[in-house]
Amino acid sequence: MSDMISIIIPAYNAADYLAQTIESVLNQTYSDFELILIDDGSTDRTREIIKDYQCKDARIKYFYKENGGVSSARNLGLQKATGDFVSFLDSDDLWDRYVIAYIREVYKSS
């Protein structure tokens with residue numbers, strides 16, 4: 001098992017804070033992850049911000065869907081996830097740089 005973690009972030013009109021959220025994931029000490037960003041029908045610059053980061057890091061995956069709410073966005077993320085484990089993060093949250101390493105250890109010990 002590779003212990004890859006799929007991180008799913010639903011985003012709706014999140015341009016004001018999404019870059020900081022993405023940075024908090026990219027700065028993790030554990031690097032075997034995919035970052036799945038689901039644009040839930042945003043009308044601001046959410047798509048452009050994600051695409052800019054996607055060009056810089058191959059672990060980032062972008063999917064667009066018509067607005068349907070956070071649950072439908074998370075469900076799409078689950079369909080697209082390829083990791084051994086899954087974690088969710090909101091588009092306005094920030095992670096400490098050790099969060100993924102901790103998540104991995106918790107999953108492995110259960």
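This is a predicted model: local features need pLDDT of at least 70, side-chain atom pairs count only at pLDDT 80 or more; totals for chains, interfaces and linings use all residues.
The largest nonpolar core has 25 residues. Within this largest core, Ile7, Leu18 and Leu35 have the most contacts. Six elements each supply at least two of its residues: β1 (5-11), α1 (18-26), β2 (33-40), α2 (46-56), β3 (60-65) and α4 (99-109).

The strands form an open sheet of four, in the order β3-β2-β1-β4. The pairing is parallel. At the edges stand β3 and β4 (85-88), and each of these pairs on one side only. On average, neighbouring strands of the sheet are turned by 20° against each other, with direction ignored.

Strand β1 pairs with both β2 and β4. With β2, the parallel pairing extends over seven bridges. With β4, which also runs parallel to β1, there are four bridges. Isoleucine 5 takes part on both sides. Its bridge partner in β2 is phenylalanine 33, and its bridge partner in β4 is phenylalanine 85.

The side chains of β4 alternate along the strand. Phe85 and Ser87 point to one face and are buried. Arginine 74 lies over the face of phenylalanine 88, at 5.6 Å from the ring centre.

Two helices lie across strands of the sheet. Helix α2 lies across β1, β2 and β3. The angle between α2 and β3 is about 155°. Helix α3 (residues 70-80) lies across β1, β2, β3 and β4. Its direction makes an angle of about 145° with β2.

Tyrosine 53 belongs to helix α2. Its relative accessible area is 12%. Tyrosine 53 therefore counts as buried, since the cut-off is under 20%. Leaving aside neighbours within four places in sequence, tyrosine 53 is in contact with Ala19, Ile22, Glu23, Leu26 and Ile60. One of these partners, isoleucine 22, is 31 residues from tyrosine 53 in sequence. In space, the C-alpha atoms of tyrosine 53 and isoleucine 22 are 8.1 Å apart. The ring of tyrosine 53 also has a charge over it. The charged end of lysine 56 sits over this ring, 5.1 Å from its centre.

Asparagine 13 is found in the loop between β1 and α1. Its phi is near 45°, a positive value in a residue other than glycine. Most residues other than glycine have a negative phi. The relative accessible area of asparagine 13 is 26%. Asparagine 13 is therefore partly exposed, because this class covers values between 20% and 50%.

Methods:
Residues are numbered from 1 along each chain as its sequence is written. Side-chain values use heavy atoms; hydrogens and water are left out. A nonpolar core is a set of buried Ala, Val, Leu, Ile, Met, Phe, Trp, Tyr and Cys residues joined through side-chain atoms within 4.5 Å. Buried means under 20% relative accessible area, exposed over 50%, partly exposed in between (1.4 Å probe, protein chains only). Contact means heavy atoms within 4.5 Å. Two strands pair if DSSP finds at least two bridges between them. Axes are lines fitted to C-alpha atoms, for helices over the stretch in contact, and angles run from 0 to 180 degrees between N-to-C directions. A charge sits over a ring if NZ of Lys or CZ of Arg is within 6 Å of the ring centre and within 35 degrees of the ring normal.
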